[in-house]
Amino acid sequence: MSQEVVAELAPNGILRAGINMSNPLLVTGKTDAGDPAGVSPDMARAIAERLGVEVKYVPFPSPGVLADAVDDDAYDIGLIAAEPARAESIAFTSAYVEIEATYLVPAGSPLAVIDDVDRPGIQIAVSDRSAYDLYLTRALKHGELHRAKGLGGAVDLFTSAKLDALAGLRPALIEDVKTMPGARILDGNYTTVQQAIGTQPRNSAAATFLQDFVMEARASGLVAKLIERHGVEGRLLVASGI
């Protein structure tokens, strides 16, 4: 292992891993010691093991807060969805897992397909500064986004304000639709959220190491094994592509 990589990521022998605690597919619980458990924490631990150092988890309540903290020396790697807006300040690897994002619509809605949502007057609830919020902010031409804190807040806003659609990750929406008689989840997706590993742009040697690690973890079956270990098969997908 290159000492330059260790010096960039764990100069004190500890890899600080920023973990987004708001995604229940990536963080599925806690260990007996109180650390986050799930695919993302296990990926961070595997990186630390490869480096020959300890791992320390740094929890964040949302991906936006985690992204903002990159300049505060709060963590050495951050496990978060890669997005162009975030890539301005974070050097990302390729994705290790991806999650389909789509819409939920209420009972009796005339919206039938994804493209129907991007029309004048259509009001969409979304979790503020989530990866799919950032995507929709760029992509929507006519639909109007209404932001709330976290997916739970977006669900509450969707129902209380009687909005036209709820944007979210399909696995979470599958659970939400069970509590909304007559509601439907639209087929297809408007994007797939690419969960990756980021570090400070100045960490050039570490960025190369992390990219190689992710590609190896996908090819070797490690990511698939972690998905199976934490019971999220069919909801988290091993990422494809470069």
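Student: On what basis are the residues and values given?

Tutor: Residues are numbered from 1 along each chain as its sequence is written, and side-chain values use heavy atoms, with hydrogens and water left out. The model is predicted: local features need pLDDT of at least 70, side-chain atom pairs count only at pLDDT 80 or more, and totals for chains, interfaces and linings use all residues.

Student: At what angle do helix H2 and helix H9 pack?

Tutor: Helices (H or I, at least four residues) and strands (E, at least two) are DSSP runs numbered from the N terminus. Axes are lines fitted to C-alpha atoms, for helices over the stretch in contact, and angles run from 0 to 180 degrees between N-to-C directions. H2 covers residues 39-51 and H9 covers residues 222-229. Their axes are 9 Å apart, and the packing angle is about 140°.

Student: Which term describes the orientation of H2 and H9 to each other?

Tutor: Angles under 35 degrees count as roughly parallel, over 145 as roughly antiparallel, 65 to 115 as roughly perpendicular and the rest as oblique. The packing angle of H2 and H9 is about 140°. The two helices are therefore oblique.

Student: How many nonpolar residues does the contact of H2 with H8 have?

Tutor: The axes of H2 and helix H8 (residues 204-220) come within 11 Å and cross at roughly 115°. Met43, Ala46, Ile47, Arg50 and Leu51 in H2 meet Phe209, Leu210, Phe213, Glu216 and Ala217 in H8. By class, this contact has 2 charged residues, no polar ones, and nonpolar residues numbering 8.

Student: How many residues of strand E7 are buried?

Tutor: Buried means under 20% relative accessible area, exposed over 50%, and partly exposed in between (1.4 Å probe, protein chains only). Strand E7 covers residues 97-105. E7 is largely enclosed by the rest of the structure, because its buried residues number 8 of the 9.

Student: Which residue in E11 is the bridge partner of Leu104?

Tutor: Two strands pair if DSSP finds at least two bridges between them. E7 is joined to E11 by 2 bridges, and these strands run antiparallel. In E10, Leu104 has Leu166 as its bridge partner. In E11, the bridge partner of Leu104 is Ile185.

Student: Which residue in E12 stands opposite Ala101?

Tutor: E7 and strand E12 (residues 191-199) run antiparallel and are joined by 5 bridges. Within E12, the residue opposite Ala101 is Thr191.

Student: In which sense, parallel or antiparallel, do E8 and E10 run?

Tutor: Strand E10 (residues 165-169) has 5 of its 5 residues buried, so it is largely enclosed by the rest of the structure. With E7, E10 pairs in the antiparallel sense over 4 bridges. Strand E8 (residues 123-127) is joined to E10 by 2 bridges, and Ala165 in E10 is the bridge partner of Ile124. The sense in which E8 and E10 run is parallel.

Student: Does the category of Asp133 read buried or exposed?

Tutor: Asp133 lies in helix H5 (residues 131-139). Not counting residues up to four places away in sequence, Asp133 touches Val126, Ser127, Asp128, Leu145 and Arg147. Its relative accessibility is 2%, so Asp133 counts as buried.

Student: What is the relative accessibility of Asp116?

Tutor: Asp116 lies in the loop between E7 and E8. Apart from residues up to four places away in sequence, Asp116 touches Pro110, Leu111 and Ile122. Asp116 counts as buried because its relative accessibility is 10%.

Student: How far apart in space are Pro181 and Ala107, C-alpha to C-alpha?

Tutor: Pro181 is found in the loop between helix H7 (170-176) and strand E11 (184-185). At 76% relative accessibility, Pro181 counts as exposed. Pro181 and Ala107 are 74 residues apart in sequence, and their C-alpha to C-alpha separation in space is 6.9 Å.

Terms used:
Contact means heavy atoms within 4.5 Å. Ala, Val, Leu, Ile, Met, Phe, Trp, Tyr, Cys and Pro count as nonpolar, Asp, Glu, Lys and Arg as charged, and the others, Gly among them, as polar.
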